[in-house]
Amino acid sequence: MAEEARGICVRDISASQFIEAYAEHLKNSDKFELPVWADTVKTGVFKELAPYGDDWYYIRAASIARKVYLRPGVGVGQLQKWYGGNYRRGSRTEHFRKANAGVIRSVLLQLEEMKVMEKLESGGRRVSRVGQQDLDRIAGSVFRAAEDDE
């Protein structure tokens, strides 16, 4: 039997490969801009320092886009929970803290302006048709690049 040609979607490739490729796409895009506060803001109250990497904002945006692609209807609160972590308070016990909502909200707003995301009436966000084509196209290029390497 001949193998059928089918479209490659975001689910078919590893998360790290997709996030790296989509972050590079966002970095090269003139529509997606790095906010002025990106070099000083922490990603959550449980962090001591701001991220060291120069392109951490693009990586977080790619990760958020992938999360919304895989789970339509997800909102800022759920994403805060996903990116949250343990707040280590010295000798006292650790407690879970949510991530910074401002970073997540600004990423979602920029992705909406790019027509990658759209709001749902019931709350939350989902990937638009144009956004899905864009994400699947990048996933396909990553898949083909991995096949060529083998």
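How many aromatic pairs does the structure hold? The structure holds five aromatic pairs, where rings of Phe, Tyr and Trp (its six-membered ring) pair if their centres lie within 6.5 Å. This is a predicted model, in which local features need pLDDT of at least 70, side-chain atom pairs count only at pLDDT 80 or more, and totals for chains, interfaces and linings use all residues. Residues are numbered from 1 along each chain as its sequence is written, and side-chain values use heavy atoms, with hydrogens and water left out.

**View 1. Overall fold of the chain.** The secondary structure comprises five helices and four strands, arranged along the sequence as α-α-α-β-β-α-β-β-α. Helices (H or I, at least four residues) and strands (E, at least two) are DSSP runs, numbered from the N terminus. The C-alpha trace spans about 65 × 40 × 30 Å along its principal axes. Of the 150 residues in the chain, 41% are buried (buried means under 20% relative accessible area, exposed over 50%, partly exposed in between; 1.4 Å probe, protein chains only).

**View 2. The aromatic pair of phenylalanine 18 and tyrosine 22.** The two rings are stacked, at 5.7 Å centre to centre with 10 degrees between the planes; planes under 30 degrees apart count as stacked, over 60 as edge-to-face and the rest as tilted. Both residues belong to helix α1 (residues 15-28), four residues apart, about one turn of the helix. Phenylalanine 18 and tyrosine 22 are both buried.

**View 3. The aromatic pair of tryptophan 37 and tyrosine 57.** This pair is edge-to-face, with 6.0 Å centre to centre and 85 degrees between the planes. It links distant parts of the chain, 20 residues apart: tryptophan 37 is in the loop between α1 and α2 (56-70), and tyrosine 57 is in helix α2. Tryptophan 37 counts as partly exposed because its relative accessibility is 31%, whereas tyrosine 57, at 0%, counts as buried. Both residues belong to one aromatic cluster, formed by Phe32, Trp37, Trp56, Tyr57 and Tyr58.

**View 4. Backbone at lysine 115.** Lysine 115 is not a glycine, yet its phi is positive, about 70 degrees. Most residues other than glycine have a negative phi. Lysine 115 is located in the loop between α4 (101-113) and β3 (117-119). With 56% relative accessibility, lysine 115 counts as exposed.

**View 5. The segment after α5.** Glutamate 150 is placed in the segment after α5 (129-149). Its relative accessibility is 83%, so glutamate 150 counts as exposed.
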